[in-house]
Structures are given as structure tokens and as C-alpha cells.
Amino acid sequence: MRPTLILLLTLATVAPLRPQVAAPASAPSDRLQWWTEARFGMFIHWGIYTVPAGEWEGREIDGQGEWIMKRGKIPVREYEELAGQFNPVKFDAERWVSIARNAGMKYITITAKHHDGFAMYGSKASPYNIVDATPFHRDPMKELAAACQRNGLKLSFYYSQTQDWHEPDSVGNDWDFPNESAKNSERYYDQKVIPQVRELLSNYGPIGLIWFDTPGNMTVEQSQKLADLVHQLQPLCLVSGRVGHGLGDYDSVGDNQISVGTAKRPWETPVTINDTWGFKKNDQNWKSAQVLIRQLATTSSRGGNYLLNVGPTSEGVIPQESVDRLADVGKWMAANGESIYATSANPFPYQLPWGVITTKPGRLYLHVFQWPRTGLTIYGIHSKVLKASLLANHAALRFSQRESQAGELVSLKLSLPAQAPDPNDSVIALEFAGPAEVDSSLQQQPDGTIALPAYLSQLHKSPGSTAQLDSRGVMERWTKAQDWMEWNFKVNAAGAFDVELITSQQKYGRGWDGGQHVALELGSQKVSGVVADNGKEDNPSNPYWPYVISKMGRMRVDKVGKYSLSLKPEDIPAGGNYGLTLVSVRLAPVK
Ligand code: JFZ
């Protein structure tokens, strides 16, 4: 038996015996341990909005399924009637939990109450709940809590604390309750939010986390009170970043985004398999299992958690398209889970051209998305490799390491089979005697490309600058021509390079500003040009944000060594909506 397997079995037998100590104070690191080791969870959006499933009065309503009440401005009295039609007789908690477990997921976060205000559990604090207001009369959260216990998964609750379109004192419903000045948010918090959060943390056993959302206009005091309440009732329960005012235990990045660069805090990205969270019968835009597997690996390689959503129907069935994809992810996880669970981020500050890296003490896991036909060379690993193998079948791989003139290991070459063993993500495990030491400076890659990402630049901001990195690592709101960027990097092979600027469109390609004049300088060489659409490129791990390539000209580097390159706008036209949305500068070797 492999040592990791023995360790897992030991943990599995020991964990339930450990008493649940209700120590009054618990450090955030105690709460975070299971969660950062888990890396992969299931999000479930389920509510009475699955009855209309995206259509109201014969019309398709734009946007996400769970937003139909707001998008359709459906009056509370009409929307309430959906409860009487909600009867998910096919709901089977054990089946849902086994779908998650077989996918390799370690926790489930389910909507206990979404923005529509309907409680999906038996609530004494409001009769507007699944037990009292639907013909179903069962409490699915009780059944899920039991099934999670049986299967060793943590149960967590999503709770919409700010928006509640059912309540006159909450925010968001401006069609039934347009009089903002008549709203008393404290009354809503005291009469609904606090009692319901109390119920969720008192009646369902140990809860992994509460996923608060869209903090909106909450005051610091309101956010603090909620976070404190959770920790007081269950000291080991995490509070999501969307409780507001930075008071959560971790950060949730924007939906369907995958952070890059160094995250300051543990983080999670919520992701949809199609385009909606709550079930919509006409949404058939399913991501492939390959995209999901690569997103999971990429999120892990950046030290984050991947929370993948399913939207069960009003009958209580997880769509077959989701089940099929999760089964494929599960097959990959069964063979490669060691490279995901309890791993840490890529030790290199940049992503490699062929894929991503995760790590554990004494191990590097190379997730190869683009399988090279002639072996794989990696620069910058300074530690001696003891063994290299394919993680899925333990087949050993031949390798050699090259030293610099100064006697430092600088390059690793792996011999690989001609065919990718796994078309989605073939994982190569490298073993070391201790932590793997790597060169953290930017350098030209073995394929000759020099990639200079925005998140590794020094940004020189001018007074009043609004430029900042978003959670994808893209520079956004760069609207001042006085801001400029600079990179230091190492060139390993001299030659001529095509200089390209990679900028990002907004989600689904909606919105992008070109027309900026920019200059790039490298020593005495300068190229300049206009940001224009010379072609698109897909980011395979983030298919919603297409990249736009601008060709800027050519540069030569005659000697290997250290260089610095600057990017200075000469003009950014006024009136743009997005500014210069820089992803990276790429120097591509001229063939
Ligand atoms: C919120 C909800 O409104 C939505 O219905 C769903 O539950 C989702 C998981 O969370 O939507 C958001 C919240 C935050 C961002 C985007 C969508 N964000 O920060 O980019």
C-alpha cells in the first residue's frame, strides 16, 4: 500500500473519534485546515426558481435561473405560488452526496436561502420554507447532513444575508417595495437573518462553512455581528469572504474566475458547469470534463479551492450532463487526487507554457495539458530530482539535470512517451529529498518564448491612477497614459522576437477598448504601435474571457543575460469604458 493511502486511511479512522471541542476561541488557521486540504467542493443551487426553470409566462427570462424573480420583476404574491408547485419527489440525498464523493469532492455548499428569500430547510423563523410551504414537507438539509456524515463530506450552507426579495425590509425588491426610506434593515436582520443563521448552525450538526453572499450595503457592524455569531455557535465553522468588509475567513473571487499571482489569503472560486447556477431548462452550454479538470488543477496550482456548481431540477434531479462530467472528473481524481488534495501553490511565480504545477513537501506535480512530443524541459529547478514518474500508473520516467557553470542545477529534461497518457491532464510526479528549490525570477522558457505577465510587473502608478490587478491577474482600469510597467527577466537564447500585447475582453467577450498607443523599450530598442484586434486567443482554463492579441513589431536580443523591458502608453483615448486591460507582453521567437 502506498504511504499516502495509509495516511488517508489512518486519518479516516481517527477523525470521527476526535471530540468536537467547543472551545470559545478558535484560530482561523484551525478552521481553515480541512478546507485548504479539501481543494474541491460541490456547490448546489436549489430552490423554487427551478419550477419556472428560466421561463415566465411563456417568455424566456435572461440571466441566471435563480434570479428569475428579480429579472422578471415577479410580484411576491405570484412568486410565492411556486412553493405550492415545488415537490421534488426524486430528491435522494444519498445519491447527491455519492455524485459529489465519486467526483472527488470533499464538501458540499448548498443554498439554504438564496436571494428569493425562500428557506430550503425547516425554519421556525419564517413560514416561507420548504417544510411548511411546499407539498414536499421534508427537510432536505436534514437528509443531506446525514448523508454527508455517512460519506465523510462536510456540509456547508449558502445564505443570502443582504438580498431577500421576499422581505419588505430587505434590499433588492424595488417592484413590490419601492419605498427605500420605509425599509428597516435592522428589523430584517433581527427577525430573519440572525434567527435563521442560528437555526442552520444549531440543527444540522457540524457545519463546514457559511457562504454569505453579495454583502451590498451591509454595515461593518452587521457583517461583524454575523461573523461573530457563526464563530460563537460553531467555532470551527468558516465564514465566506462575502460576509462583507473583509471579515470572512477566506476570499471568494469573482464567479468563474481563477486567480493568478500570489493570493494574500486562502481563496475559493465558484464555477458553473453550464452558464447558470439555478436550473434553467434551456441552458445547454456545458463545459467539457477537460475544461473542468484543468480548471481544478489550475485553481490548486494557485493555492485556491474549486467550488463546482450543480443545479438540480424541481424534481430533485442533478442534470445528467453534470453527472456525466463529474464522473469523468472523478475518474481523473481517483488516479491523480494526490496532486490536488492538501497541495500548495506552484512554487514558480508564473505559469508554465505547457500546464500548471502543484506541490507538497518533497514533491512537485507537473500537470501537463499540452503534451510535448520531444520530451519536456523545465528551467529553474535547483534541487536534485530523485525520481520522476507518471502519477496515474507509477511508470518511471528517464530524466537528466544540467548544471550552470557555477555548479547550480538549472535545467531538467524528462523523456516522455510519444502520446499523452491522459488527454485532459497527465500528471508527472517529481520526488526530492526536501522542499524543491526553484528560481523565482522570470526567464525565457525552453520553447524560446518570453512571457511577461501583468501580475509580475512593477507598476509605476501616476497620481490619481485607478489601475489595479483584478483577481484573474489582469490589469484593469488602466486609463492614464502616465502609468507604466516594467519587467526584469533572463534571456537564455539570443535571437529575434515578435512583440505581442495580450489584452483581455470582458466576460463572454462583452466589452473591450482598443486604440491605445503604447511603446515598449528594451535597452536602446523601441517598438510602438496601437492596440488593435489582430486575432483572438483562448485561455483554456478560463474560457469566458477571450484574449485579444496586438502585434507591436520586432526586437532583437544579441546576448544571453538579464534584461529589463518597459511598457509606456503614449496615448490612451478618453471615454473608453475599460482602458488598457493588459494580460501580458509576449516575446515570441522568430522561427
Ligand atoms: C452571486 C449570486 O447573486 C448568484 O445568484 C450566485 O449565487 C453566485 C454564486 O453568487 O453572484 C455573484 C456574486 C459576486 C460576483 C459575481 C456574481 N462577483 O464578485 O464577481
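These legends walk through a handful of close-up views of a predicted model.

**View 1. Helix 5 against helix 11.** Here we zoom in on helix 5, residues 93-103, where its axis comes within 7 Å of the axis of helix 11. The two axes cross at roughly 40 degrees, and that makes helix 5 oblique to helix 11. From helix 5, look for Arg95, Ile99, Asn102 and Ala103. They meet Val323, Leu326, Val329, Gly330 and Met333 in helix 11. Sorted by class, the residues of this contact come out as 6 nonpolar, 2 polar and 1 charged.

**View 2. Helix 5 again, now with helix 7.** Helix 7 covers residues 140-151, and its axis lies 9 Å from that of helix 5. The pair packs at an angle of about 45 degrees, which means that helix 5 is oblique to helix 7. What is the hand of the crossing where helix 5 passes helix 7? The crossing is right-handed. Helix 5 brings Ala93, Glu94, Trp96, Val97 and Arg101 to the contact. On the helix 7 side sit Glu143, Leu144, Ala147, Cys148, Arg150 and Asn151. Counted by class, this contact of helix 5 with helix 7 has 6 nonpolar residues, 1 polar residue and 4 charged ones.

**View 3. Helix 10 meets helix 11.** We're back at helix 11, residues 320-336, this time with helix 10, residues 289-301, as its partner. Their axes come within 9 Å and cross at roughly 50 degrees. Helix 10 and helix 11 are therefore oblique to each other, and their crossing is right-handed. Ala289, Leu292, Ile293 and Leu296 make the contact from helix 10. Helix 11 answers with Arg325, Asp328, Val329, Trp332 and Met333. Which classes turn up where helix 10 touches helix 11? There are 7 nonpolar and 2 charged residues, with no polar ones.

**View 4. The largest cavity.** The largest cavity holds about 70 Å³ of space. Along its lining you'll find Asn274, Thr276, Trp277, Phe279, Lys280 and Trp286, together with Asn309, Val310, Gly311, Pro319 and Ser322. By class, that lining splits into 5 nonpolar, 5 polar and 1 charged.

**View 5. The second largest pocket.** Last up is an open space, the second largest pocket, with about 980 Å³ inside. Its lining takes in 39 residues. To get your bearings, find Gln351, Leu352, Ala451, Tyr547 and Arg586, the ones nearest the centre of the pocket. Which elements give two or more residues to this lining? They are strand 18, residues 450-453, and strand 29, residues 582-589. Strand 29 gives the most, with 5 residues. As for the classes, the lining of this pocket divides into 20 nonpolar, 11 polar and 8 charged residues.

How values were computed
Residues numbered from 1 in each chain as written. Predicted model: local features only at pLDDT ≥ 70, side-chain atom pairs only at ≥ 80, totals over all residues. Heavy atoms only, no water. 1 Å grid on protein atoms, 1.4 Å probe; cavity = no way out; pocket = protein on both sides within 12 Å on 5 of 7 lines; lining within 4 Å. Points joined across faces, edges and corners; volume = space filled by probe spheres on them. Nonpolar A, V, L, I, M, F, W, Y, C, P; charged D, E, K, R; others polar. Axes fitted to C-alpha atoms, helices over the stretch in contact; angles between N-to-C directions. Helix = DSSP H or I, 4+ residues; strand = E, 2+ residues; numbered from the N terminus. Parallel < 35°, antiparallel > 145°, perpendicular 65-115°, else oblique. Left-handed = near helix turned anticlockwise from the far one by under 90°. Contact = heavy atoms within 4.5 Å.
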